[in-house]
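Take a look at the model below. Keep it open while you read.

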Amino acid sequence: MERERMEYDVVIVGAGPSGLAAAIRLKQLAAEAGSELAVCVIEKGSEVGAHILSGAVFEPRALNELLPDWRERGAPLVTPAVDDRFLLLTQSRAFRLPTPPQMHNRGNYIISIANLCRWLGKEAEALGVEIYPGFAAAEVLYDELGRVRGVATGAQGIGKDGQPTAQFQPGVELIAKETLFAEGCRGSLTKSLEAQFDLRRDSGPQTYGIGIKELWEVDPAQHHPGRVIHTIGWPLDRKTYGGSFLYHLENRQVAVGFVIGLDYDNPYLSPFEEFQRFKTHPAIRPTFAGGRRIAYGARALNEGGFQAIPRVSFPGGLVIGCAAGFLDVPKIKGSHTAMKSGMVAAETVFRRLRGDPTADYRSALAASWIWPELRAARNIRPAFRHGLWAGLLYAALDTYLFRGKAPWTFAHSADHRHLRPAKEAQRIAYPKPDGIVSFDRLSSVFISNTNHEENQPSHLKLRDPAKAISVNYAIYDSPEQRYCPAGVYEILKDSDGTNPRLQINAPNCVHCKTCDIKDPTQNIDWVVPEGGGGPNYPNM
Ligand SMILES: Cc1cc2nc3c(=O)[nH]c(=O)nc-3n(C[C@H](O)[C@H](O)[C@H](O)COP(=O)(O)OP(=O)(O)OC[C@H]3O[C@@H](n4cnc5c(N)ncnc54)[C@H](O)[C@@H]3O)c2cc1C
Ligand code: SF4
């Protein structure tokens, strides 16, 4: 069956903050110039926002530039951040530390980025952008000269056996003069573009964290709208980078999450269990006891910062937002830079489409406020590789003494290289969930509303299936059983404990991308499942 073909000036892959800001900016520029511009956004989630998971404390700088009248237009920014707290936890106590300047949030808002995207999506559509949720871009299309000429969505209705079912529908080719890749952290097509165009030839490797989040409705007595709490320390050991966030939104809601650097070395560490254990701390538990957990999800985030920004353009397209890695790590914020990069990309592409060959995305980014912000922050995250105390000390020196202008830049190494063999690592005994503030994985995945068509090929591809046992099981005791926040990977054995084999419960996948990042031999490739599959997050 032939694939249908649709033609646009610009196709944008991903309806996150970066993709939607780019779409809006393109239409604004076309309107100002009195010209027509056909812009299409495709989104793998069942609706805009369904796959968006963030904190989030939102810095409105890019939004102020994009839509200065966002208040009048009803943007969902209703809870100003008014109270910042930074805590160091030990097992039984909490010590309040001075809040680092990067974590001061006056002027920012506690929001749901998913809801911001739903609103941006409506703004984009009102300007004439075509948005197609439920369509996953599965393939980059190239012309005979190797230039990107668009993307193709995946076919629907291919069975587990790889054969078309009665529901088969071929994918659609979306042809564009310029294609913007806005897939967010560890985008699957962006990964293929990095290889195709060697985009990392003069940057360091990207590094990541996994963020696991829950949304709670808490007891009114525990609710302090506008309060922002970050913690470091317990339950993590001092070598492992990470910490928590608690953001008090409107409507008695508290967003709570835990982020762990994916350069951790103990294969027995379970980010999910660390998060559950964190909530049982005597200083944290009261917020949630008496409350109700509403939603759960997980998503990787970039931690590589300035030195990990790859080449961001290639013939026929650009990479924007967290797909390129513009998150400011000490601030734990990437939505403002994602939006700004989308706007800068839109301005570059618009000039190019009007025949200006000098329009250059990277130099425009370098001239924007993204560059000095990320440059100043570049050494803080890598300093934590030497442990919590060394990291805190260096962060203070870098912030107050060097003011982000130290004449050196710390290098990164890829996260998957850091796991130690299981025999050199200590097992971690995690407490059983109490069902009040801590929970198990399956009941958690249940409230992520994850749903995939069961009869489709697995979207979690093992390059060499034998390695699941010969390497992952034999050397690392199958760490994917523990780092996957959705319980997708399971080692099954015969009743006598022999014959270990890996079972992949792909329908449970919440699209966090951790397995694609952390697998020690990079044997797991996450590719898009059928469009519309995956979590259905409400206001995450
Ligand atoms: C736990 C956590 C906490 C965070 N806290 C904050 C915070 O407090 N403040 C802040 O500013 N930032 C925060 N961030 C970062 C922020 O969420 C990101 O920087 C921001 O969402 C990046 O926007 P984006 O558009 O680049 O990508 P995303 O928001 O990831 O959006 C990408 C979109 O593209 C879609 N997509 C991906 N691949 C395809 C494909 N092949 N085909 C079709 N669609 C596709 C996805 O489904 C998704 O909707 C946090 C992130 C995490 C994980
Ligand atoms: S299978 Fe991979 S991408 Fe899916 S939830 Fe598990 S770790 Fe995340």
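This is a predicted model: local features need pLDDT of at least 70, side-chain atom pairs count only at pLDDT 80 or more; totals for chains, interfaces and linings use all residues.

Residues are numbered from 1 along each chain as written, chains are lettered from A and ligands numbered from 1 in the order written, and side-chain values use heavy atoms, without hydrogens and water.

**Ligand 1**

Ligand 1 sits in the largest cavity. A cavity is a set of points, on a 1 Å grid over the protein atoms alone, where a 1.4 Å probe fits but cannot get out. A molecule sits in one if more than half of its atoms lie within 2 Å of its grid points.

There are 36 residues around ligand 1. Such a residue has a heavy atom within 4 Å of the molecule. Ser18, Glu43, Ser54, Cys322 and Ser335 come nearest. By class, the shell has 20 nonpolar, 11 polar and five charged residues. Here Ala, Val, Leu, Ile, Met, Phe, Trp, Tyr, Cys and Pro count as nonpolar, Asp, Glu, Lys and Arg as charged, and the others, Gly among them, as polar.

Helix H1 (17–33), strand S2 (39–43), strand S18 (292–302) and helix H7 (335–353) each supply at least two residues of this shell. S18 gives the most, with three residues. Helices (H or I, at least four residues) and strands (E, at least two) are DSSP runs, numbered from the N terminus.

| Residue | Protein atom | Distance to an oxygen atom of ligand 1 |
|---|---|---|
| Pro17 | backbone N or O | 3.2 Å |
| Glu43 | side-chain N or O | 2.6 Å |
| Ser54 | polar side-chain atom | 2.7 Å |

The protein covers 97% of the 1,000 Å² of accessible area that ligand 1 has on its own (Shrake-Rupley method, 1.4 Å probe).

**Ligand 2**

Ligand 2 sits in the second largest cavity. Of the 14 residues around ligand 2, Cys484, Cys509, Cys512, Lys513 and Cys515 come nearest. This shell divides into 11 nonpolar residues, two polar and one charged.

**A link across the chain**

The structure holds 38 salt bridges (a side-chain nitrogen of Lys or Arg within 4 Å of a carboxyl oxygen of Asp or Glu). One of them joins Lys331 and Glu59, at 2.8 Å from N to O. This pair links distant parts of the chain, 272 residues apart. Lys331 is in the loop between strand S20 (317–319) and H7. Glu59 is in the loop between strand S3 (57–58) and helix H2 (61–66).

**Backbone details**

Which peptide bond has omega near 5 degrees? The bond from Gly55 to Ala56 does, and it is cis. Ala56 lies in the loop between S2 and S3. A cis bond also joins Trp234 and Pro235, with omega about 10 degrees. Pro235 is in the loop between strand S15 (227–233) and strand S16 (242–248).

Key:
A polar contact is a pair of N or O atoms within 3.5 Å; within protein, one must be able to donate a hydrogen and the other to accept it, and residues adjacent in sequence count only if both atoms are side-chain atoms. On a 1 Å grid over the protein atoms alone, a cavity is a set of points where a 1.4 Å probe fits but cannot get out, and a pocket is an open set with protein on both sides within 12 Å along at least five of seven lines; lining residues have an atom within 4 Å of a point.
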